[in-house]
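Trainee: I have a new model open and would like to learn how to read it. Could you walk me through it, feature by feature?

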Amino acid sequence: CMEKVRTGDFLGEYSQVVGEFVARLAREVKRRWPGKTVVHLPYQNYTKPPVGVVFPDNVVVHVCHTRPLPLYKEPRIYAEERAVIDGWRKALRRPIGHYHYVNTWPDDNTAAPFQYRRVMKTFFADHRDSFGTNNDGVLVFDWARHT
């Protein structure tokens, strides 16, 4: 497996290893239990889609965005997150789900309201066609600080 690891790639270090495993698992699940679905949550250092892996149609992906949404105002971070979403859409050939952490910096270090509606509105509007029907993946622990 180590030859497939992309050392130093923050979002994709283990993407190839995990992606190939998920694809093999899904093919076997499809063979043994037709109609069953494999749900994959690409997370942390395997967030990026693997290169050249063909996923069967029984794989559902919910990308876990581990960077806090306020940081999406930074063009580099926004572009990297966009590339992840576009990559998974291309790999799966259909919409994806998503999951965001909002209990991370900077809003977890303050009791004051932390407003970033414009960033959220832009992100979800720009990705309207990328996400499936599970657009309720935004996890909010303290709504008063996140609206």
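Trainee: Let's start with N58: is it buried or exposed?

Mentor: The general idea first: buried means under 20% relative accessible area, exposed means over 50%, and partly exposed is in between, using a 1.4 Å probe and protein chains only. N58 has a relative accessible area of 6%, so it counts as buried. Keep in mind that this is a predicted model, where local features need pLDDT of at least 70, side-chain atom pairs count only at pLDDT 80 or more, and totals for chains, interfaces and linings use all residues. Residues are numbered from 1 along each chain as its sequence is written, and side-chain values use heavy atoms, with hydrogens and water left out.

Trainee: Where does N58 lie, and which residues is it in contact with?

Mentor: N58 sits in the loop between β1 and β2. A contact means heavy atoms within 4.5 Å. Leaving aside neighbours within four places in sequence, N58 is in contact with A26, V29, K30, K36, T37 and V38.

Trainee: Which strands does β2 pair with, and how do they run?

Mentor: Two strands pair if DSSP finds at least two bridges between them. Strand β1 (residues 38–40) is joined to β2 by three bridges, and the two run parallel. V39, for example, has V60 as its bridge partner in β2. Four bridges link β2 to strand β3 (residues 97–100), again running parallel, and there V63 stands opposite H98. As for cover, six of the seven residues of β2 are buried.

Trainee: What kind of unit do β2, α2 and β3 make?

Mentor: A right-handed β-α-β unit. To judge the hand, point the strands away from you: the crossover is right-handed if the path from the first strand over the helix to the second runs clockwise.

Trainee: What about α1: how far apart are its end C-alpha atoms?

Mentor: The expected span of a helix is 1.5 Å times one less than its number of residues. The 18 residues of α1 should span 26 Å, and its end C-alpha atoms are 25 Å apart, which agrees.

Trainee: Which residues of α1 are buried, and what covers them?

Mentor: An α-helix has 3.6 residues a turn, so residues three or four places apart point the same way. In α1 the buried residues are S15, Q16, G19, E20, V22, A23, A26 and V29. Their cover includes β1 and β2. R27, also in α1, is partly exposed at a relative accessible area of 42%. Beyond residues up to four places away in sequence, R27 touches V54 and P56; the C-alpha atoms of R27 and P56 are 6.4 Å apart, although 29 residues separate them along the chain.

Trainee: How many residues does the largest nonpolar core have?

Mentor: In soluble globular proteins, nonpolar side chains tend to be buried together. A nonpolar core is a set of buried Ala, Val, Leu, Ile, Met, Phe, Trp, Tyr and Cys residues joined through side-chain atoms within 4.5 Å. The largest one here has 26 residues, and those with the most contacts inside it are F55, V59, Y72, W88, L92, I96 and F123. The elements giving two or more residues to this core are α1 (15–32), β2 (59–65), α2 (75–92) and α3 (117–126). The largest share, seven residues, comes from α2. Setting aside residues up to four places away in sequence, W88 touches several residues, including P42, F55, V63, R93 and I96.

Trainee: Which phi does R93 have, and where is it found?

Mentor: R93 is in the loop between α2 and β3 and has a positive phi of about 65° although it is not a glycine. At 56% relative accessibility, R93 counts as exposed. Q44, in the loop between β1 and β2, also isn't a glycine and has a positive phi of about 50°.

Trainee: Finally, what pLDDT does the chain average?

Mentor: pLDDT is the predictor's confidence in each residue, from 0 to 100. The chain averages 81, with 79% of the residues scoring at least 70. Over residues 133–147 the pLDDT is below 50, and this stretch has 34 contacts in the model beyond near neighbours in sequence.
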